[in-house]
Amino acid sequence: MGKFAAIMQRILSLFRSLVGKRESNGSSSAPGADVAQGHDDEPGDSAVYGVPLGDVADPESGVPPFVVSAIAFLEAEALDTEGIFRVSPSLRDVKELRARLDKGETNIFTKTTSEHSVASLLKMFFRDLPEPLLTYERYTPIVKMAAQRDLPASDLMERMRPMINSLPRENAATLYALVGLLSRVKDHKETNLMTTSNLSVVFGPTVLRPLADDEQKMTLRQMVDMPHIYRAMTALIEHLSDQPYTGMSPVSSPRQAQPDPEPEGERSSLSAALGR
């Protein structure tokens, strides 16, 4: 799969150069020095899924190798695939591929691999992260910005940009990799039927989600905020790449996040909140 390999190499090179400036800016630790290694030592633990992003990030690029290979495959094989990221794949195929990834296997995608299976595996990876890609602490500020309905998507992106650039290195690099793919998928919307709006619905609640005391509270809060989550994701897809990534945060160690405080005002009425 020459095209696939070439695209994967280009993506790796891009993100190595993107975040490689860190050493010249006085970083005191070697890239990836604080990446935990313990999750592969315990039987039954996944090498890919449900693992803190810092534990699986490539020490040089900051992007997990699985994410690089999945993006390269989808860019080579799926940009014109109708309903990519929305059409359900074969559950059996996804389970088999995930089992191989859980065992630490690499280079598992071939010409016979379904694009929808790879798309599902990529969505699953971001859904299963212990902390979302945009982190818990940025959820409330981003949602509040996106709630300003008269703010154009380009202006919303520029207001979000300082928070993006201050993300941990692996989060920012992986976000740029994911959003770059989604932007290219959107560019082929005439054939794949995946508009920015469709992609925002698929990925917004995955990369931007709140931390709450229990699943029910989290779900309710996310439902209330969903229009704003979609707006934020739309701004990312359309305008994140308008400027290059300039953040220099190191690959981070897993940290214990605290739930966001409940926003002011009554949240008991879902319909009322959605109408604000």
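Predicted model: local features only at pLDDT ≥ 70, side-chain atom pairs only at ≥ 80, totals over all residues.
Helices (H or I, at least four residues) and strands (E, at least two) are taken as DSSP runs and numbered from the N terminus. Residues are numbered from 1 along each chain as its sequence is written, and side-chain values use heavy atoms, with hydrogens and water left out.

The chain contains 12 helices and 0 strands, and along the sequence the pattern reads α-α-α-α-α-α-α-α-α-α-α-α. Of the 276 residues in the chain, 50% are buried. Here buried means under 20% relative accessible area, exposed means over 50%, and partly exposed lies in between (1.4 Å probe, protein chains only). Contact means heavy atoms within 4.5 Å. Among the contacts in the chain with a separation of 6 or more, 81% involve residues 24 or more positions apart.

The largest nonpolar core has 70 residues. A nonpolar core is defined as a set of buried Ala, Val, Leu, Ile, Met, Phe, Trp, Tyr and Cys residues joined through side-chain atoms within 4.5 Å. The members that touch the most other members are F66, L74, F85, L122, F125 and L236. Helix α8 (residues 169-187) supplies the largest share of this core, with 10 residues. L236 is in contact with L134, M157, M160, I164, L175 and V179, leaving aside its neighbours within four places in sequence.

Two packed helices are described by the angle between their axes and the distance between the axes. Axes are lines fitted to C-alpha atoms, for helices over the stretch in contact, and angles run from 0 to 180 degrees between N-to-C directions. Angles under 35 degrees count as roughly parallel, over 145 as roughly antiparallel, 65 to 115 as roughly perpendicular and the rest as oblique.

The axes of α3 and α8 are 11 Å apart and pack at an angle of about 10°, which means that α3 is roughly parallel to α8. On the α3 side the contact is made by V67, I71, L74 and E75, and on the α8 side by T174, A177, L178, L181 and R184. By class, 6 nonpolar, 1 polar and 2 charged residues take part in the contact of α3 with α8. For this classification, Ala, Val, Leu, Ile, Met, Phe, Trp, Tyr, Cys and Pro count as nonpolar, Asp, Glu, Lys and Arg as charged, and the others, Gly among them, as polar.

Helix α6 (residues 139-146) and helix α11 (residues 215-239) have axes that come within 8 Å and cross at roughly 65°; α6 is therefore roughly perpendicular to α11. The crossing of α6 past α11 is left-handed, a term used if the near helix is turned anticlockwise from the far one by less than a right angle, with right-handed used if clockwise. Residues Y139, T140, I142, V143 and A146 of α6 meet R221, Q222, D225, H228, I229, R231 and A232 of α11. The contact of α6 with α11 comprises 6 nonpolar, 3 polar and 3 charged residues.

The loop between α3 (65-77) and α4 (91-102) includes D80. D80 is partly exposed, with a relative accessible area of 48%. Leaving aside neighbours within four places in sequence, D80 is in contact with H188, T191 and N192.

At 2% relative accessibility F85 counts as buried. Most residues other than glycine have a negative phi. F85, although not a glycine, has a positive phi of about 80°. A positive phi, of about 55°, is likewise found at N107, which is not a glycine. N107 lies in the loop between α4 and α5 (115-127) and, at 69% relative accessibility, counts as exposed.

Helix α10 (residues 196-207) contains T206. T206 is buried, with a relative accessible area of 14%, and is in contact with K123, F126, R127 and P132, leaving aside neighbours within four places in sequence. N198 lies in helix α10 and is buried, with a relative accessible area of 17%. Not counting residues up to four places away in sequence, N198 touches R86 and L193. N198 and G83 are 115 residues apart in sequence and 9.4 Å apart in space, C-alpha to C-alpha.
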